[in-house]
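Here are some exercises to work through with the structure open beside you. Try each task before you read its solution.

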Amino acid sequence: MNTKINVNKAEWNEGKRQLHLIIGDEISLSELTPREQMLVDSDHLSFIYITEKDEDYSYIMLPDSIWPQLKVALAEKGDIYLSQQNQILQLPLFQEELEYLIENIKGNSNYGEEMVNKVEEIFN
């Protein structure tokens with residue numbers, strides 16, 4: 001069964017050049033395997049980083065409320081981590097995947113007007 005994991009907030013650590021995506025869900029991050037792929041959920045203005053657990057997908061939901069922090073991490077070329085209490089999981093290829101999606105969304109009506117406008121507003 002596929003599950004959604006919601007990111008509640010994002011915290012940029014300037015000294016370590018890391019962005020921590022904070023979740024509240026009680027899950028074991030050590031059980032998740034990053035798939036190094038991202039998707040878009042235009043209906044909910046979210047980017048989605050895909051992880052896997054026991055052959056099922058877990059979707060890390062990245063709502064537009066944290067996009068300004070994602071922009072900082074992109075500009076600073078920081079590492080991205082999923083964080084929960086004292087657990088962390090690095091999300092490989094996050095930067096490359098996000099940059100690819102942003103470039104594809106800009107000016108592309110296939111993603112819906114609201115998604116295109118929000119991406120252009122934040123990531124320009």
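**Exercise 1.** Is the crossing in which H1 passes H2 left-handed or right-handed? Work out the angle between the two helices as well.

*Solution.* Keep in mind that this is a predicted model.
- Start by finding the helices: H1 covers residues 67-76 and H2 covers residues 94-105.
- Next, look at their axes, which come within 11 Å and cross at roughly 115 degrees.
- Angles from 65 to 115 degrees count as roughly perpendicular, and H1 and H2 are therefore roughly perpendicular to each other.
- Finally, the handedness: H1 passes H2 in a left-handed crossing.

**Exercise 2.** Which residues of H1 and H2 meet? Sort them by class.

*Solution.* 
- On the H1 side, pick out Leu 70, Ala 73 and Leu 74.
- Across from them in H2 you'll find Phe 94, Gln 95, Leu 98, Glu 99 and Ile 102.
- Sorted by class, the contact of H1 with H2 has six nonpolar residues, one polar and one charged.

**Exercise 3.** Find the buried residues of H1 and say how they are arranged around its axis.

*Solution.* 
- Buried here means under 20% relative accessible area.
- In H1, that gives you Trp 67, Leu 70, Ala 73 and Leu 74.
- Now look down the axis of H1: these buried residues fall within an arc of 110 degrees, so they line one face of the helix.

**Exercise 4.** Describe how H1 packs with H3.

*Solution.* 
- H3 spans residues 113-123, and its axis lies 10 Å from that of H1, at an angle of about 50 degrees.
- That makes H1 oblique to H3.
- The crossing of this pair, H1 and H3, is right-handed.
- H1 brings Trp 67, Pro 68, Leu 70, Lys 71 and Leu 74 to the contact, while H3 brings Met 115, Lys 118, Val 119, Ile 122 and Phe 123.
- By class, the contact of H1 with H3 has eight nonpolar residues, no polar ones and two charged.

**Exercise 5.** Which residues of H3 are buried, and which exposed residues does the face turned away from them carry?

*Solution.* 
- The buried set in H3 is Met 115, Val 116, Val 119, Ile 122 and Phe 123.
- Their arc around the axis is only 145 degrees, which puts them on the same side of H3.
- The face of H3 turned away from that buried side carries the exposed residues Glu 113, Glu 114 and Glu 121.
- As for what covers the buried residues of H3, the cover includes strand E3 (33-41), strand E4 (46-53), H1 and H2.

Notes:
Residues numbered from 1 in each chain as written. Predicted model: local features only at pLDDT ≥ 70, side-chain atom pairs only at ≥ 80, totals over all residues. Heavy atoms only, no water. Axes fitted to C-alpha atoms, helices over the stretch in contact; angles between N-to-C directions. Helix = DSSP H or I, 4+ residues; strand = E, 2+ residues; numbered from the N terminus. Parallel < 35°, antiparallel > 145°, perpendicular 65-115°, else oblique. Left-handed = near helix turned anticlockwise from the far one by under 90°. Contact = heavy atoms within 4.5 Å. Nonpolar A, V, L, I, M, F, W, Y, C, P; charged D, E, K, R; others polar. Buried < 20%, exposed > 50% of the residue type's maximum accessible area, 1.4 Å probe, protein only. Arc of directions from axis to C-beta.
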